[in-house]
Amino acid sequence: MEGLFYAWQAVTSMPVLLAAIGGVTWGILGGALPGISPSIAMALLLPFTYNLPPLVAVVLLASVYVGAEYGGSIPAILIRTPGTNSAAATVIDGYEMQLQGRGGEALGLSLVGGTIGGLFGLILLSTLTEPLASLALYFTPPAYFALGILGISIIGSLSEGALLKGLIAGVIGMMIATVGTDPISGVSRFTFGKPELLEGIHFILVMLGIFAVAELMAQAGEDRWTEGSQPKASNARLKLPSLATLWRLRTAQAIGCVLGAIEGAIPGGGGSVAAFLSYNEARRWSKEPEKFGKGSEEGVIAPETANNVVSATAIVPTLSFGIPGSNSTAILLGGFLIHGLQPGPLLFTTNPEIVYGLFGGLFTANIMMFLLGIVILGPCIWLVKRPKPYLMAAIFGLVVSGVYSIDHSLFDLAVVLMAGLVGFVMRKLGFPTLPLILGLVLGYMIESNYRRSLLITNGDHIVFLQDGVSLGLLLCAALIIGFSALREIRRLREPLVLPEAPDQGSKSGPASISS
Amino acid sequence: MRGNLVTGILLLIFSVVFWFGADAIPKSRLSGSVGADGLPKMLAIALAVLSAGLIAQTLLTMKAAVQTAGADLNARAEQRALYLRAFGMIAIGAGYLVLVPYLGYILTIALLLLTVALYNGKRPSVGLFLFAALGSVFFYVLFVQVLAVPLPAGFWPRLIG
């Protein structure tokens with residue numbers, strides 16, 4: 001009942017309502033722009049959340065995530081260019097419907113499917129996370145240390161074919177987290193006499209650099225994304241599906257809901273995996289599978305429902321354990337940490353108003369997405385049609401100005417540019433960036449709990465094995481890394497296919513695919 | 001693959017440097033049984049082990065796939081040109097960083113908008129200059145007037161008196 005009270009308070013609070021409207025609007029516009037992922041749209045807003053009340057800040061960020069998942073489908077349907085990765089599956093039938101003059105119907109299906117998915121995901125989020133709060137009683141400093149290690153191990157190991165690179169990125173993230181004043185003794189570390197580094201390198205700066213600046217760098221050499229692909233105005237009027245149509249498409253929606261729920265809760269699963277899985281399953285279970293790829297309504301509503309379910313269920317591991325499973329939830333975690341809130345089992349007891357307020361805010365965001373989705377289409381199309389150089393310039397302007405608003409320091413901007421450079425190089429070398437972010441975000445928690453644990457036992461590391469929860473979590477981390485290593489070794493033993501020199505390749509014996 | 005090898009070696013060197021950096025952290029009585037250097041040293045060791053693993057993995061892979069080396073020099077040159085273009089964005093950002101304290105926010109942000117758009121393929125036109133001018137005014141109003149962020153004013157206040 002207490003939870004419902006907090007959620008209701010959030011739903012009826014004007015600042016939260018404005019945050020939900022602003023976040024969803026920004027999310028839809030950002031998602032509609034190819035190249036701006038939900039995480040980049042969230043990262044660009046992160047500096048502005050600094051001075052906001054904690055609940056308003058987290059609702060704003062979560063609403064961007066919700067809006068961006070729908071926004072991505074707009075260019076996917078209208079110009080065959082998915083605005084976000086998770087909208088890639090929508091292109092297949094959505095664009096076919098657009099070619100048949102049914103683009104408005106496809107947009108309507110995407111909007112309604114997304115809203116239903118978002119609300120279904122929210123129900124799961126609010127019911128799944130609360131029981132996990134009871135775990136708080138079993139968490140001691142060694143367990144928190146082990147939880148952090150497990151989080152980095154999971155995310156590092158998820159990097160397909162790049163286990164070592166994922167783990168290296170996680171370690172580098174933790175190294176960056178050690179810069180600044182030591183949390184226990186107050187000694188300064190790796191500050192090189194720079195007073196700006198005494199408080200450490202703020203993860204907001206690294207996130208902005210790695211997500212936004214690195215993306216701008218990556219796009220600097222690419223072709224224009226909208227040239228020659230103007231949406232037809234006649235087809236771009238949104239048409240909501242009737243209740244009868246929705247009933248007819250119930251199986252596809254149910255598939256989207258179930259798969260979105262499963263994929264969202266698994267770290268690294270993400271909206272794109274859920275969307276493609278839902279698309280395939282919807283086709284398998286459909287009475288008209290032959291229509292898929294030729295403008296099937298089920299082919300649009302299934303992936304769109306799934307990726308909006310993910311936008312809610314992906315928050316489950318973040319809120320319950322403080323371990324984000326995707327870039328977007330890592331930024332949401334950053335939004336919590338900025339305001340001194342540590343997501344995890346204790347958050348439900350220390351700050352229930354934030355947790356349940358977020359649920360209320362997400363409810364508002366989903367309703368707002370439905371209402372705004374109807375009216376915002378025009379501005380989205382206008383924005384998508386802008387030349388890419390203008391958009392890139394505007395985003396860069398927003399980054400350099402937003403960074404300064406955090407601490408009024410140009411040094412921060414230098415850090416962002418440096419982080420952008422590092423992020424770009426990491427991408428090109430095949431290093432995943434999420435483990436670095438996670439290492440940086442969890443670094444303080446890991447170190448402080450590690451040191452606290454050892455203070456209790458006077459330096460005896462056995463404490464991590466004596467504590468049952470800690471032992472269990474560390475064993476899980478070891479098993480995850482072990483299984484990933486085995487998979488990698490097996491992959492290395494597979495024969496290499498060399499398309500450039502097939503004859504030579506067949507003579508060379510066992511080899512591996514280069515990363 | 002050569003990139004992986006070079007990265008592995010650089011990371012290995014970095015781990016050694018980081019270890020020595022951690023070793024130089026002053027000792028404090030408040031630190032407890034594990035000093036401020038404890039975790040950084042552990043991380044340096046972890047990075048050294050992982051980068052050694054990356055080097056070994058890359059060497060094994062290279063040995064088997066050596067036939068493809070040098071197969072596409074043109075693609076590599078194109079790739080290099082793309083990287084240089086990308087680094088150009090950082091150079092523009094660095095230019096902004098250097099100029100903003102002197103020229104002030106409104107002028108520098110206009111220059112940044114203009115340069116980024118030009119750099120990414122927009123031809124000089126009235127529309128482009130209008131975009132830079134109006135964009136800088138929009139950013140100025142948003143950040144300085146609405147959000148009250150004290151962005152650098154540059155030489156303008158001195159000029160006015």
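Reader: Where in chain A is the place of A:Gly293?

Author: This is a predicted model, in which local features need pLDDT of at least 70, side-chain atom pairs count only at pLDDT 80 or more, and totals for chains, interfaces and linings use all residues. Residues are numbered from 1 along each chain as its sequence is written, chains are lettered from A and ligands numbered from 1 in the order in which they are written, and side-chain values use heavy atoms, with hydrogens and water left out. Helices (H or I, at least four residues) and strands (E, at least two) are DSSP runs, numbered from the N terminus. On that basis, A:Gly293 lies in the loop between helix H13 (270-285) and helix H14 (298-313).

Reader: Which residues is A:Gly293 in contact with, leaving aside its neighbours within four places in sequence?

Author: Contact means heavy atoms within 4.5 Å. With neighbours within four places in sequence left aside, the partners of A:Gly293 are A:Ile92, A:Asp93, A:Glu96 and A:Tyr279.

Reader: Is A:Gly293 buried, partly exposed or exposed?

Author: A residue is buried under 20% relative accessible area, exposed over 50%, and partly exposed in between (1.4 Å probe, protein chains only). The relative accessibility of A:Gly293 is 29%, so A:Gly293 counts as partly exposed.

Reader: Is A:Asn366 buried or exposed?

Author: A:Asn366 belongs to helix H18 (residues 352-375) of chain A. Beyond its neighbours within four places in sequence, A:Asn366 has contacts with A:Val66, A:Gly114, A:Thr115, A:Gly118 and A:Leu119. Because its relative accessible area is 2%, A:Asn366 is classed as buried.

Reader: How many helices and strands are there in chain A?

Author: Of the 515 residues in chain A, 61% are buried. Among contacts in chain A between residues at least 6 apart in sequence, 78% join residues at least 24 apart. The elements of chain A number 25 helices and two strands.

Reader: How many helices and strands has chain B?

Author: Chain B has 161 residues, of which 39% count as buried. From the N terminus on, its elements run α-α-α-α-α-α. The count for chain B is therefore six helices and zero strands, by the DSSP runs.

Reader: What is the area buried between chain B and chain A?

Author: The size of an interface is often given as the accessible area lost when the parts come together. Buried area is the accessible area (1.4 Å probe) that two parts lose on being put together, summed over both. The contact takes 69 residues from chain B and 67 residues from chain A. Carbon and sulfur atoms give 79% of the buried area, which is about 5,800 Å².

Reader: How many residue pairs are in polar contact between chain B and chain A?

Author: A polar contact is a pair of N or O atoms within 3.5 Å; within protein, one must be able to donate a hydrogen and the other to accept it, and residues adjacent in sequence count only if both atoms are side-chain atoms. Between chain B and chain A, with both residues at pLDDT 80 or more, the count is seven residue pairs.

Reader: From which helix comes the largest share of the side of chain B that touches chain A?

Author: Helices H1 (2-23), H2 (38-64), H3 (73-103), H4 (105-119) and H5 (126-146) of chain B each supply at least two residues of the side that touches chain A. The largest share of that side, 14 residues, comes from H2(B).
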